[in-house]
Amino acid sequence: MNRCMLRLQEVRLLRSGRQVLAGVSFDVHRSELVALMGPSGVGKTTMLRVIAGLEAFQSGIVQVEEITLNGANGHPAATLRDLRAKVGMVFQFHHLFEHLSVLKNVWLAPVYARGMAQREAENRALVLLAALGVEHRAHALPHELSGGEAQRVAIARALAVDPPLLLLDEPTASLDANRRAELRDLLCGLTREGRTLLVATHDEAFARDCASRVLRVREGSVFDDVAMA
Amino acid sequence: MAILFFQCCCRSPTAESIFPFILSRSRFLRSVCLAAAVFFQPINFVAAQSVGEFRWAGDPEGGAPFVEADPAQPNRLIGFDVEIAELIARKLNREPRFINITFSSIDQSIERGDAEIGLSGAEDTPARRAAMAPTIPYYEFREVLSVRIADRERYRTLSDLKGKRVGTLGGTIAYEILLNAEREFGVHPVSYDDDVHPYSDLVIGRIDAVLLDNVLAERRARALSGFAIQPRSVAVGHYVGILAARNSALRDQINDILRAAMRDGTLERIFRKWRVWNDDQPRLYARLLSAQPVPAVTGFEAAPMALTAWTAILRYLPSLLQASVVTIVLSCLAMALAIILGISIATGRVYGNRVMRMLLTGYVEVMRGTPILLQLFVLYYGIADLIRLPAFGAALLGLGLNYAAYESEIYRGALQAVPVGQLEAARILGLSESRVMTLVRGPLALRFALAPMTNDFIALLKDSSLVSVLTVFELTKQTQIFATNIGSWVMPGLLCAALYLAMSLPLATLARRLEQRWRFSTV
């Protein structure tokens, strides 16, 4: 079995004439938790968005298992559909659906994107919320949640469609020390279940404690790849 | 002069043949004229200071043969009322000055001093005799029934028209007669704003008969075939000049002038010139000159003379409430249509290809860039030869299609205001674009659109008054008739405003509550 879950080869992205990604190349193996680190504005979030198919790029290749996004040819709808069965993403600002309850945020995609029965999806959502410690907020609206609760609901929503590769953008940014420790445990647990995680973060302690590798990013490219002990 | 010029340009025979639906005695022109009249009000005021002028009021909109623009020289007025006004002015050694007043507002305008006398085929009624200072009658007319030629034998009198639609001008004696016939024989009165469309609607079968003055009926019969005037008259009435009660001295002077004109044949010459002289007039003049009393109306018991405020409310409230139901039902249905079409247009403009976007943008610009009244006229009268829409259907379609253009812009803006993050979150979860629209973008956009939608619904509720030009009898039209009949806008206006508020305030409250309930922060 191929160990490689994700591969980026010479990905270049220009935005309004400015080079945002300057030939990014790296691999991520199954069940790894890889941290993308670097100061703000170097292209970490853009890398995640490119992998998720949210942003087109000019050249290079993004490969998620057998699915290939080719910068030169754009992203056909069928490729994107297949990609989204493989890749989940937790945004820095969560982007929970503001008009829906926490529970519906979590069961919406399993029902309407994967065709799961609503009852089954609701039960599964409740299990996920319980595992993340926010089942008591199941009927709250997103604007009623704290930052930590919203973060965990966003993770539950992403996990509800069971993606083998999960992208997280600054997951610890809005959390205090206790919440950060809880999240560390949670994400480590996900890798033990066989899920692959790519996390863009500033948080050195998080990277040190959780990541199997750290990719250092500068001016739109990865300049260092360090395996952690 | 500018007002007159505008009116006259629009009423040239060539233009009328091209746009018959626009150029009738309609509220469209009336609204434009009113606006112009307001603009020129200071000029009228200056004129009022000039003692050498005799200000007389009339409505030239479809006012033939009373007051109309001369087709040969559109900046000049012609008609028998014009000649009578000139005669009176000459005898008073004053210069006649025409003041353009809408037909239904003549009493109120005279009362407030816009002009000294109203002359525009104004009817003599007991209410006018009680509240104003009308002149002696100068012309006797007959209320006559017109029917399609094929129905000539079937519909001879109002009692033959049970369950049938009979058209007339609102706020006239004929309308009162029809209301009476509704109670007595089960006739359905249909009120028009002009005296042209009742006859064209009769010919194409939208209504079954028309009850109007013989002067109007005979004039239409000369221009339009397909209907016949029944010989038996339903009632007899008279045209008078209307002055304010405080002007009774001037009224007496004018009465003397009219009597002299009856004696020396001046009035006969005027009416003969306009082809409306008949045997009724010498009989009327003989009675007037021998000081015999002439009842305002014969053959019909007209409305009581002066109503107290309370009696007026009791009398008109049921019909106002009935008209409110028409207003609210029409507004709700039109808004529902506007919302459905508006959402479709907005979705097409956001998601559609270039051709679709161009077509939909064109629709929006045409509907927003042309007057809603014009659209209503086109739907009801303009395309009547192709599709004969019922009045309510045309009104519903007209309002719905027009408001759909405005609604679509609200929804387009709201769809574009939904944060991109929400859409990306939905897409990354694997939801298809149509699911993103129905489950996330649409519901979020609805929250942005709610306040302007409520605004639009309240605006539509008020704009629904425009459909009275298509004979749909809604609240404002009923109020207008109420006001015309009692000669004052105070009580009808207050009642009408209260009913509109009763309809719009709960809606605004509901919208505010929904907005509060749906309030959230979006990132």
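The buried residues of helix H13 of chain B pack against strand S7 (139–148), strand S11 (227–239), helix H11 (248–263) and helix H12 (266–273) of chain B. The model is predicted, so local features require pLDDT of at least 70 and side-chain atom pairs pLDDT 80 or more, while totals for chains, interfaces and linings use all residues. Residues are numbered from 1 along each chain as its sequence is written, chains are lettered from A in the order in which they are written, and side-chain values use heavy atoms, without hydrogens and water.

Helix H13(B) spans residues 280–289. Its buried residues are Asp280(B), Gln281(B), Leu284(B), Tyr285(B) and Leu288(B). Buried means under 20% relative accessible area, exposed over 50% and partly exposed in between, for a 1.4 Å probe and protein chains only. These five residues lie on the same side of H13(B), because they cover an arc of only 125 degrees around the axis. The arc is taken from the directions from the helix axis to the C-beta atoms. Ala291(B) follows H13(B) and has a positive phi, near 60 degrees. Helices (H or I, at least four residues) and strands (E, at least two) are DSSP runs numbered from the N terminus.

The axes of H11(B) and H13(B) come within 10 Å and cross at roughly 130 degrees. Axes are lines fitted to C-alpha atoms, for helices over the stretch in contact, and angles run from 0 to 180 degrees between N-to-C directions. The two helices, H11(B) and H13(B), are therefore oblique to each other. Angles under 35 degrees count as roughly parallel, over 145 as roughly antiparallel, 65 to 115 as roughly perpendicular and the rest as oblique. Arg259(B), Met262(B) and Arg263(B) in H11(B) meet Tyr285(B), Leu288(B) and Leu289(B) in H13(B). Contact means heavy atoms within 4.5 Å.

Helices H17 (residues 391–417) and H19 (residues 433–463) of chain B also pack together, at an angle of about 140 degrees with their axes 8 Å apart. H17(B) and H19(B) are therefore oblique to each other. Among the residues of H17(B) that meet H19(B) are Leu399(B), Tyr403(B) and Ile410(B). Partners in H19(B) include Met437(B), Phe448(B) and Leu460(B).

In chain A, Glu32(A) is found in the loop between strand S2 (18–29) and strand S3 (33–37). Glu32(A) is buried, with a relative accessible area of 11%. Beyond its neighbours within four places in sequence, Glu32(A) contacts Thr191(A), Arg195(A), Thr196(A), Leu197(A), Ser212(A) and Arg213(A).
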